[in-house]
Amino acid sequence: MNSVQDLNKTFITMRTMALSALALLGVVTVASGALLYRAYESTGQRVYVVSDTGSFSAQIGRSAGHTPFEARNLVKTFLLTMFGHDQYSFKHNLDAGLPLIEERGGRFLFESFQRGQVLQNYIRYGARQAVTVDSIHLDMNHRPITGRAYIKQTVFIGDQQSQSKPLGAKFALVETDRSDANPFGLLITDFDFIAYNPPVSQEEKDQLRDQEQARQRKLREEAEAAGVPLPQPAPTTPAPAAQPAQ
């Protein structure tokens, strides 16, 4: 009888030791996995890859999203290709620009070119159109990304140049798959024309203030040289720019 009880105690002890060993093995496995993950994460954060588009973490899967310069380059590329061309580059530029915009917006622009007989006029008058991108303003803090862009279009017919035509546009940017046709990973949506009324940046305000101060200083110096008293003008600051039309 004692032998049976001793055997039961021994079996229970061995089972307890085995379960404890399994539990310890599980804890070690989880801890090892966590340490390995943290080591991989830390390594990925310390190693950076430098390319033509900038520097970024070598760790895949923790993307910080699209950068402002990437979104701005997409919009700039689209504006230059879609609105600047001649009879020889017209088709090529449209083929490059249309993959950067959603189908509906691209069809709207293409049909407007057809209605205006843009290509026919290029051929008929030997004309071309150049585009200058004045400014691009993006709101990267919300999704989808929204923005406004302001450009000037100039038409050349032979050696004659038309007066630059200002043009504004508003749009949104959504994420999409990267491809050879669209390497930016962003797609323009809700594209529409607006009045040309770009906001004045702080740098431009500073330049206007400096110019006004220089002008006032020159007037005072000329007045002093001529012996004519000149009243001191009240301090002026550039008027705030009106908000673009919604």
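**Notebook: salt bridges around Arg104**

I began with Arg104, which forms a salt bridge with Glu102, the closest N and O atoms being 3.8 Å apart; a salt bridge here is a side-chain nitrogen of Lys or Arg within 4 Å of a carboxyl oxygen of Asp or Glu. I was working with a predicted model, in which local features need pLDDT of at least 70 and side-chain atom pairs count only at pLDDT 80 or more, while totals for chains, interfaces and linings use all residues. I noted too that residues are numbered from 1 along each chain as its sequence is written, and that side-chain values use heavy atoms, with hydrogens and water left out.

I then looked up accessibility, where buried means under 20% relative accessible area, exposed over 50%, and partly exposed in between (1.4 Å probe, protein chains only). Arg104 is exposed at 54%, whereas Glu102 is buried at 18%.

Next I found that Arg104 also forms a salt bridge with Asp190, with the closest N and O atoms 3.7 Å apart. This pair links distant parts of the chain, 86 residues apart, since Arg104 is in helix H4 and Asp190 in strand S8 (residues 186–194); helices (H or I, at least four residues) and strands (E, at least two) are DSSP runs, numbered from the N terminus. Asp190 is partly exposed at 46%, and I recorded that Glu102, Arg104 and Asp190 are linked in a network of salt bridges.
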